[in-house]
Amino acid sequence: MDPERYDPQQVEPKWTAAWEERALYRADENDTERARFYALDMFPYPSGDLHMGHLEAFAGGDVIARLKRMQGYNVLHPIGWDAFGLPAENAAISRGIHPKTWTRQNIDTQRATFQRLGISFDWSRTFNTCDPDYYRWTQWIFLRLYERGLAYRKASPVNWCPHDQTVLANEQVINGHCERCGHLVEKRELTQWFFRITEYAQALLDDMAELEDRWSDKVLTMQRNWIGRSVGAYVDFIISETGQTVRIFTTRPDTLYGATFFVLAPEHQLAEQLVAGTEHEAAFRRFRDTVDRETEVERLSTERDKTGVFLGAYAINPVNGERIPVWAADYVLLEYGTGAIMAVPAHDQRDFEFARKYGLPVRIVVQPEASEGSGEPGTGAPVKQAPPLDPGQMTEAMGHEGVMVNSGPYDGIPAGEAIRRVTADLAAQGRGEFAINYRLRDWLVSRQRYWGCPIPIIHCPSCGEVPVPDDALPVPLPDDVADFRPKGESPLATVSDWVNVDCPRCGTPARRETDTMDTFVDSSWYFLRYTGLDPERPFDPDRVARWMPVHQYTGGIEHAILHLLYSRFFVKFLHDLGLVGFREPFRALLNQGMVVMHGAAMSKSRGNLVEPATIIDEHGADVARLTMLFAGPFEDDVDWADVSPEGMARWIHRVWRAVRGAADSGAGHGGASDPALVRHAHRATQAVSDDLERFRFNTAVAKLMTLSNDLADAVRSGRGSATEQRDTAERLVLMLAPLAPFVTEELWHALGHTESVHLAAWPGYDPELVRVERLTCVVQVDGKVRDRIEVTADAGEDDLRALALASPKVKAALADRPIARVITVPPKLVNLVTAR
Ligand SMILES: [Zn+2]
Ligand SMILES: [Zn+2]
């Protein structure tokens with residue numbers, strides 16, 4: 001090999017094979033000395049080769065695993081495949097091959113790409129969720145849920161994707177469209193299997209306290225909003241004509257006196273009953289036909305005109321005996337609350353808009369207090385009542401703050417207090433009760449598709465639903481399905497020798513459940529299985545206790561209310577079974593951004609697809625990894641059009657030459673001692689350690705670039721003793737090792753080491769040498785101050801420039817404009833002058 005040139009195509013396969021042979025990254029189950037660290041990456045769908053999003057996520061996850069290993073932890077960094085489900089199945093169908101064949105091929109391809117990328121996985125415990133050895137336990141967990149009434153079948157209006165010909169969970173409907181294929185989702189009345197995740201709604205909220213600051217606020221907020229807890233009351237109204245009781249949920253029982261009409265969801269059974277055989281029936285039918293074509297998003301939109309029809313009946317308000325008209329309206333949904341509401345137009349915007357449109361009365365029952373003019377607090381001015389509002393003049397609903405008016409015995413009471421009093425009084429009369437309501441619905445898990453885990457239930461004509469006994473698991477997914485294309489019914493229904501079985505309870509002929517489970521069921525517990533491929537159980541509780549909860553989880557934010565919510569639910573359930581000793585599976589969560597091209601998502605059809613394998617072919621895995629990690633903050637989106645693998649390849653060559661130069665200087669080429677070089681090496685060690693610990697991979701690379709420049713210069717000019725140059729080179733190699741595992745392994749050996757750099761200890765630093773004065777450096781763009789960054793007193797022009805360019809504020813101000821000139825006044829000022 002030419003010692004002057006680093007050739008990744010020669011070096012990388014050599015080390016891949018060596019690491020594989022030595023099982024270098026295998027977690028040690030018997031080690032009782034080292035602390036354990038479970039570094040987990042969300043496992044991929046095998047729907048093709050790895051894409052750029054995978055490269056980003058796994059490059060980041062691998063830095064974490066490698067850093068922890070070098071810091072002395074016993075690291076578990078596993079990988080497997082989320083191998084069932086629609087993406088692979090749809091791809092297989094479009095190619096006319098069996099989903100199993102297609103899935104296995106992709107797994108092999110992805111595995112090879114992972115290995116080429118040098119991701120430090122423990123390959124000894126890999127599995128695919130489509131393996132019978134795995135889905136046997138998915139079925140086992142299903143049965144445990146079933147036994148406890150947490151898995152059940154019911155008929156209800158569900159989301160149906162006409163393209164994928166299957167139902168979807170609420171979480172898989174994104175703005176009214178299918179999460180998988182983007183098709184508009186319809187509502188259908190179907191009997192489906194659900195998991196009672198609502199049973200855990202409060203626990204899912206409460207336990208988020210453990211995750212604050214370790215998960216992003218964004219994910220926690222999304223989950224909180226999705227669960228949607230609201231506190232209020234159930235109130236019972238009576239239908240005047242029939243005497244039936246209809247329960248509503250309201251967060252504002254204090255506004256009951258302001259209810260001027262009553263609304264049922266169009267799908268509410270009572271609406272049907274009330275109009276049947278009346279003059280209102282025809283209008284109601286026409287209305288329902290229109291509503292059935294509207295999506296949930298349209299119905300909930302605040303922009304859209306609300307529509308409804310009068311049902312010809314009246315509801316009696318329990319607080320004052322008033323008869324108010326009953327309407328059906330599209331903005332009330334059957335699945336939210338009870339599917340019925342009291343409408344208080346004065347104090348609710350949607351009710352207000354509806355009342356204005358249909359000429360229904362508006363009655364104010366909460367009078368706001370006058371504001372204090374200037375709003376200055378503590379002036380001691382008495383709180384004045386605002387002049388009474390005229391409902392006829394209102395242009396929108398009013399807020400709820402204030403005192404009660406037009407509310408009989410509650411007049412003059414602050415609204416907040418009235419909420420409690422009205423609720424208590426209703427409860428005393430048996431006409432209502434305090435209530436907590438959640439937006440979260442039960443998780444719909446059955447799918448009318450072939451490529452999934454079979455549901456272990458048998459339908460017997462005499463016994464009804466009969467669970468498959470544990471010792472008869474797994475219920476295998478049959479291979480010989482004539483046609484696995486979606487047709488609205490599971491293709492498994494056509495496999496007669498599989499479907500027809502004897503009832504395990506009474507022995508008479510019965511039929512298997514033919515729906516399969518959503519792939520999100522498979523991924524709700526896979527992280528437990530990685531602790532050891534137990535043949536007798538889903539997982540070994542002792543092993544789980546030693547490794548879990550996961551210390552660091554890395555993956556996409558698109559799973560915020562899907563996988564991340566479902567896994568939390570599963571773990572809480574397994575905790576209640578006594579199988580795990582914790583209630584939260586993932587201690588800390590890191591979400592990578594998306595990888596786009598010229599601002600658009602990459603796809604074959606757009607013709608802007610770049611694949612990791614291509615980058616590896618051209619520049620090697622280290623360059624692919626580094627380019628991605630250097631592209632920007634890990635959580636931000638990366639535009640591949642803005643990055644330069646070529647530039648990164650050149651840097652790797654410079655590192656190669658500098659370190660080899662320093663290795664040679666061991667033979668006596670070094671010069672006089674240079675305290676500045678030593679200080680730089682130690683300070684870089686501190687700063688890079690800190691950056692990597694906080695997942696600031698891009699700034700860590702920037703600092704390593706500065707250090708390598710200094711080393712190259714020292715080697716060239718004979719600055720620093722041979723020992724100092726060598727120590728600097730070793731630090732550079734060690735710190736670069738988690739990011740670029742191949743070139744560093746080669747260089748580590750060139751420095752004379754015989755053991756792998758990936759088993760070496762992370763470098764420390766001398767606190768005396770890193771104690772530096774830190775100053776504030778002003779960063780300007782075209783003379784305008786855009787950021788202030790902390791720098792060390794001895795920061796050079798290159799450091800300042802690199803740090804300035806890494807600042808998100810500066811990036812935003814630059815907005816991709818090219819830089820014509822950089823003026824630096826170390827260490828106080830950087831001015832980036834753009835080309836105009
Ligand atoms: Zn779809
Ligand atoms: Zn039976």
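Me: What counts as a donor when I look at the zinc ion (ligand 1), and which residues coordinate it?

Reply: Donors are N, O and S atoms within 2.8 Å of the metal (3.2 Å for Na, K and Ca), and water is not among the atoms, so sites may look incomplete. In this predicted model, where local features need pLDDT of at least 70, side-chain atom pairs count only at pLDDT 80 or more, and totals for chains, interfaces and linings use all residues, side-chain values use heavy atoms, with hydrogens and water left out. Residues are numbered from 1 along each chain as its sequence is written, while chains are lettered from A and ligands numbered from 1 in the order in which they are written. Here the zinc ion (ligand 1) is coordinated by Cys-161 (SG), Asp-164 (OD), Cys-178 (SG) and Cys-181 (SG), at 2.1 to 2.3 Å.

Me: What geometry does the site of the zinc ion (ligand 1) have?

Reply: Four donors count as tetrahedral if all angles lie between 85 and 135 degrees. The angles among the 4 donor atoms of the zinc ion (ligand 1) are 102 to 120 degrees, and the site is tetrahedral.

Me: How should I read phi and the peptide bonds, and which residues are joined by a cis peptide bond?

Reply: Most residues other than glycine have a negative phi, and most peptide bonds are trans. In this model, a cis peptide bond joins Leu-473 and Pro-474, with omega about 0 degrees, and Pro-474 sits in the loop between strand 21 (464-467) and helix 13 (496-499). Another cis peptide bond, also with omega about 0 degrees, joins Met-548 and Pro-549, and Pro-549 belongs to the loop between helix 16 (541-547) and strand 25 (552-556).

Me: What is the phi of Asn-175, and where is this residue?

Reply: Asn-175 is not a glycine, although its phi is positive, at about 50 degrees. Asn-175 is found in the loop between strand 5 (173-174) and strand 6, and it is exposed, with a relative accessible area of 61%.

Notes: Four donors count as tetrahedral if all angles lie between 85 and 135 degrees; four count as square planar and six as octahedral if opposite donors are over 155 degrees apart and all others between 65 and 115; anything else is irregular. Helices (H or I, at least four residues) and strands (E, at least two) are DSSP runs, numbered from the N terminus. Buried means under 20% relative accessible area, exposed over 50%, partly exposed in between (1.4 Å probe, protein chains only).
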